[in-house]
Amino acid sequence: MIISKLKEALICFKAGRVTLPYPFAPHDPEDGFHGRVVVDAEKCVGCGGCAEVCPPRCIEVSDPDPDRRVLDFLLERCTYCARCAEVCPEEAVTVTKEYETATNDLNDMHMHIEVFMSTCRRCGRCYEPPTPLDRLMVTGFRPPTGKSEEA
Amino acid sequence: MTTAELVRALRHDFGAAIQSVEEPVSDKVRVAVTPESVVAVAKSLYRDYGARFLITAGIDSRKDRDGFDVDHIFSLDKEQIFFIVRTTVPSDGPHVAAITPEVPAAAWAERELQDLLGVKADGLLDGRRLILPDDWPEGVHPLRKDIKYGDWPPLGDGTGEATYPWKPAPEGTSTVVVGPFFPVLEEPTQLRLYVDGERVIDCDYRGFYNHRAIEKMGDSELTYNEIPFVAERICGICGFIHSSCYCEAAEEALGITAPRRARYIRSLMLELERIHSHMLWTGIAGHILGFDTVLMQTWRMREPLMWLCEKISGNRKTYGMNIIGGVRRDISRDLYPEILSVVEKIEQEWAQLYDAVQGDTILKARLVGVGMLPEETAKALAAVGPTGRGSNQAIDARADHPYAAYDEVPAKVITHPDCDNWARVVVRLEETLESVRWIREGLKEMPDGPVMATDIAETVPAGHWGVCTVEAPRGEAIHYLVTGGDNRPDRWRVRAPTYANLQALPSMIKDETIADVPITLGSMDPCFSCTERVEVVNMRSGEAETLTHQELLTRSRAATERLRGR
Amino acid sequence: MARAILEIVLSLVILIGLAPLAEGLLRKLKAIIHSRQGPPIIQPYLDIAKLLVKEDLAPTESWMWRVAPALCLGATIVVAMLTPIGGPPAFAFGGDIIVFIYFASLAAVAIILGAFASGNPYAYVGGSREMMMMLSVEPVMTIALAVAAIKAQTLTFDGLMASPVTSTPSISMVVAGVAFLLALQAQLGKLPFDIAEADQEIMEGPFIERSGPGFALFRWAMHARLMIFSAVLVSVFVPLPNLGIPVLNMVLTLAVMGVVLALVGVVDVVNPRLRIDQSMAYYARVVVFVSVLALALAIVGH
């Protein structure tokens with residue numbers, strides 16, 4: 001019993017102190033980390049592909065008038081899967097390494113993008129789905145609003 | 001025995017009761033039988049052919065054939081066969097004979113069938129509600145197609161009374177209520193212990209307090225490609241298991257083959273997940289016993305693995321890598337040496353830990369001979385995972401129904417004959433080492449190539465089905481999928497391993513002391529769902545309101561003031 | 001008179017005032033073994049200060065609930081005044097070993113009564129476990145002290161500290177000292193014997209309903225036990241040489257107390273919690289061991 005306790009103690013002491021003095025010394029994520037997404041409004045063509053594939057449906061698309069498409073990113077629902085960045089044909093959606101997103105003000109998690117649809121007005125879906133199965137979603141059924149996450 | 005021989009034998013025994021046989025994929029059979037003969041067929045499968053009951057899936061098929069399908073899913077482990085017994089009951093006052101009296105493991109599945117589909121199971125000894133809340137109105141069954149997702153019927157019967165018919169306390173016992181907030185695991189579940197002094201004589205269980213209606217969401221809201229991400233959130237620890245299981249079942253139903261490399265990546269991630277889950281569990285088990293050093297040290301050893309997973313997938317947990325047809329992210333060959341060095345460091349430290357705790361008599365005093373689950377009980381209740389394997393049941397989906405890359409690189413099944421909490425600890429400790437071995441082998445064998453299938457059909461036909469089991473760290477997860485129109489499944493049935501194991505709890509804690517209940521429950525690595533909000537339901541009006549921290553505090557203050565008479 | 005008051009103040013500062021610091025050091029030790037940063041050493045003071053200014057939420061109107069924390073800390077303060085630290089205790093009069101044991105038990109009884117008064121089932125289980133632990137640990141402590149009393153032919157700490165029994169090694173005192181050390185682990189509520197509080201089983205049992213100042217007093221009393229019982233162990237059972245100067249004696253005693261508490265802390269960290277039946281059986285064996293061996297040896301004069 002004593003020997004086993006000594007072995008256990010040895011495991012403990014051999015490791016030394018491992019915890020980081022977070023938040024004074026934050027741990028930087030590796031490349032390819034899925035942090036908060038940002039959208040470059042200049043590049044966005046308003047295809048809505050990101051909204052189509054977003055599993056938690058946190059991107060709301062609306063067309064207030066024929067020339068204008070509005071994308072609202074409600075990032076408090078984001079699950080950091082990066083599907084939006086994967087399908088974006090213009091690479092307008094990028095994933096950053098930012099992970100300290102806790103906030104008291106929900107507006108900090110909202111992004112509002114307005115795109116003038118002067119050239120792509122008729123097609124509306126000018127992105128290339130990554131797999132043929134994804135193409136199904138183009139004809140697939142979607143509920144009118146994103147109000148479905150509360151069980 | 002092949003499926004053809006089995007079907008021939010059943011036809012011989014039951015004749016015209018066997019109505020039709022489908023075998024879209026080899027070794028996965030669905031047999032339609034008449035409602036009158038379902039019990040006899042199930043009994044024969046269980047008794048004569050050694051089939052193990054997995055789960056029952058009820059399907060509302062009223063729009064196609066004016067009835068409800070009841071699919072009992074069985075597994076013949078040695079023969080690697082899935083055998084589904086389907087019976088269709090008329091939609092008017094649906095009822096079916098319960099198989100539970102003959103196949104005890106089906107108890108919860110049939111109670112759930114009554115709750116969610118409203119198909120009455122005749123002959124259940126315990127036909128109480130399992131999932132629906134106490135004040136849920138009679139006759140409203142959420143999984144029926146005429147109930148929309150998010151519909152909420154008026155609760156209560158207007159009297160403000162809603163009680164659950166708890167088992168009466170046996171003579172000479174007092175009742176200790178643990179839950180609905182279970183303090184040890186900090187999760188919503190309720191156990192009523194009927195105790196004589198410190199000794200537990202009997203117990204009763206009520207759970208599903210935070211049922212999330214994910215199956216309902218799957219067949220009425222989500223699309224095929226969204227489900228993997230929701231499936232991954234069924235569990236916070238073994239999420240990848242559920243997304244893999246769904247994807248494999250869906251690929252089977254849709255006739256898609258994932259590329260070899262994608263299947264290897266799935267297996268690799270599953271094994272990484274098993275390692276960190278077992279390490280997490282070992283820490284929690286230590287914590288339950290007050291041995292926080294085990295918690296701190298195992299989690300310290302685990303942390304590099306979490307960082308590795310973050311590097312591979314972009315996310316520390318809930319990787320979001322699976323999608324129907326393959327995986328979304330390839331693993332660069334440059335990462336192989338790092339993967340190996342991380343897991344081999346774990347292997348070395350884990351071996352030291354295993355060696356140290358084996359001689360720890362104080363630790364063993366709390367584990368050896370406690371929480372006994374005899375072999376025959378484990379078999380009858382179809383306990384899975386380390387809970388079953390700790391009772392000498394060689395059940396492991398990786399060997400029984402190889403999926404992902406386990407057909408090419410098999411994993412060793414680890415069992416222990418002692419049937420107690422210590423046996424379950426040993427099984428997990430050894431499985432961790434076995435997973436490291438698999439990763440070493442698997443990385444060696446991993447082929448190059450694409451990670452995403454390209455031969456995906458443009459349309460998905462309705463009525464196809466697929467079934468898959470994946471060995472989660474806690475046991476075997478089952479996903480059964482029937483395709484539908486609307487780009488979503490007609491029915492997506494999920495069974496998480498804890499569903500099977502929890503049914504064995506009453507026999508495990510019987511005659512133990514109250515102090516041993518937490519570790520015995522903990523030894524099956526239970527996984528309930530978690531919530532951090534407080535919801536208060538007004539029993540009179542049936543209205544629910546969610547309290548914030550501040551509101552809860554205000555109410556507590558008011559109660560103190562009232563008691564002090566100020 | 002002034003000197004007597006000074007001595008009382010000094011022993012209270014050491015045994016009560018420095019107690020949270022001892023707890024802080026133990027937490028740091030725990031953190032080192034856990035491979036983590038750990039809280040600052042003064043964290044227990046901060047905890048107590050925070051609890052003192054928070055509100056006291058009450059689950060019941062029972063008066064017992066309200067007085068229990070004050071009773072517990074008050075009894076502990078009396079015990080502190082009776083505790084020898086390398087020399088005679090500050091507040092000395094005849095028969096003080098018995099008074100010491102009496103007030104030490106009163107502090108534990110206050111916890112139990114407070115628990116029963118709360119009406120919470122977990123507190124009730126915790127209270128009854130505390131009672132069973134008390135019944136199995138107090139005899140060990142009492143018999144160990146009785147061995148010393150028989151050896152020195154006196155019932156006062158004054159007499160004990162003056163007698164050669166506490167400064168020269170003898171077999172019976174070593175056996176009694178070991179028994180006292182074994183009892184210390186449970187007296188201080190440390191693993192593997194923190195059964196009454198059992199965070200993961202019954203969520204701090206007796207204290208589950210406690211918040212604010214009431215909880216702060218209990219916490220402080222629990223910290224003070226660390227100092228008090230280790231001071232008795234070192235002063236009575238560890239044969240330290242008399243350095244002639246009371247202050248030096250006190251410093252030496254405090255240093256050895258540090259070693260004893262570190263030992264208690266390490267045992268606390270490398271053990272799981274035992275069940276109540278297992279720990280009662282364990283202490284029953286210890287009682288037999290000391291009562292037979294040490295008492296017999298003491299009576300025949302070894």
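Helices here are DSSP runs of H or I with at least four residues and strands are runs of E with at least two, both numbered from the N terminus. With that in hand, A:Pro23 sits in the loop between helix 1 (2-15) and strand 1 (37-39) of chain A. This is a predicted model, where local features need pLDDT of at least 70, side-chain atom pairs count only at pLDDT 80 or more, and totals for chains, interfaces and linings use all residues. Residues are numbered from 1 along each chain as its sequence is written, while chains are lettered from A and ligands numbered from 1 in the order in which they are written.

**Chain C overall**

- Chain C comes with 12 helices and 0 strands, so its pattern along the sequence reads α-α-α-α-α-α-α-α-α-α-α-α.
- Its radius of gyration, taken over C-alpha atoms, is 19 Å. The globule rule (2.2 Å times the number of residues to the power 0.38) gives 19 Å for 302 residues, so chain C is as compact as a globular protein of that length.
- Along the principal axes, the C-alpha atoms of chain C fill a box of roughly 55 × 45 × 45 Å.
- Of its 302 residues, 51% count as buried. That label needs 20 or more other C-beta atoms within 10 Å of the residue's own; 12 or fewer makes a residue exposed, anything in between is partly exposed, and C-beta atoms are placed from the backbone.
- Take the contacts in chain C with a separation of 6 or more: residues 24 or more positions apart account for 80% of them. A contact means that the C-beta atoms of two residues, placed from the backbone, lie within 7 Å.

**A helix pair in chain C**

- Helix 1 (residues 2-17) and helix 10 (residues 212-237) of chain C pack at about 120°, with axes 7 Å apart. Axes are lines fitted to C-alpha atoms, for helices over the stretch in contact, and angles run from 0 to 180 degrees between N-to-C directions.
- Helix 1 of chain C brings C:Ile14, C:Leu15 and C:Ile16, and helix 10 of chain C answers with C:Ala224, C:Met227, C:Ile228 and C:Ala231.
- By class, that contact has 7 nonpolar, no polar and no charged residues. Ala, Val, Leu, Ile, Met, Phe, Trp, Tyr, Cys and Pro count as nonpolar, Asp, Glu, Lys and Arg as charged, and the others, Gly among them, as polar.

**Where chain B meets chain A**

- The contact takes 36 residues from chain B and 31 residues from chain A.
- On the chain B side, the elements giving two or more residues are helix 6 (227-231), helix 9 (292-313), helix 10 (336-358) and helix 11 (361-367). Helix 9 of chain B gives the most, with 5 residues.
- That side of chain B splits into 12 nonpolar, 13 polar and 11 charged residues.

**Backbone spots to check**

- A cis peptide bond joins A:Tyr22 and A:Pro23, with omega about 5°.
- B:Phe208 is not a glycine, yet has a positive phi of about 55°. You'll find B:Phe208 in the loop between strand 12 (199-206) and helix 5 (214-220) of chain B; it is partly exposed, with 18 other C-beta atoms within 10 Å.
- B:Cys419, also not a glycine, has a positive phi of about 65°. Its loop runs between helix 14 (397-400) and helix 15 (421-445) of chain B, and B:Cys419 is buried, with 21 other C-beta atoms within 10 Å.
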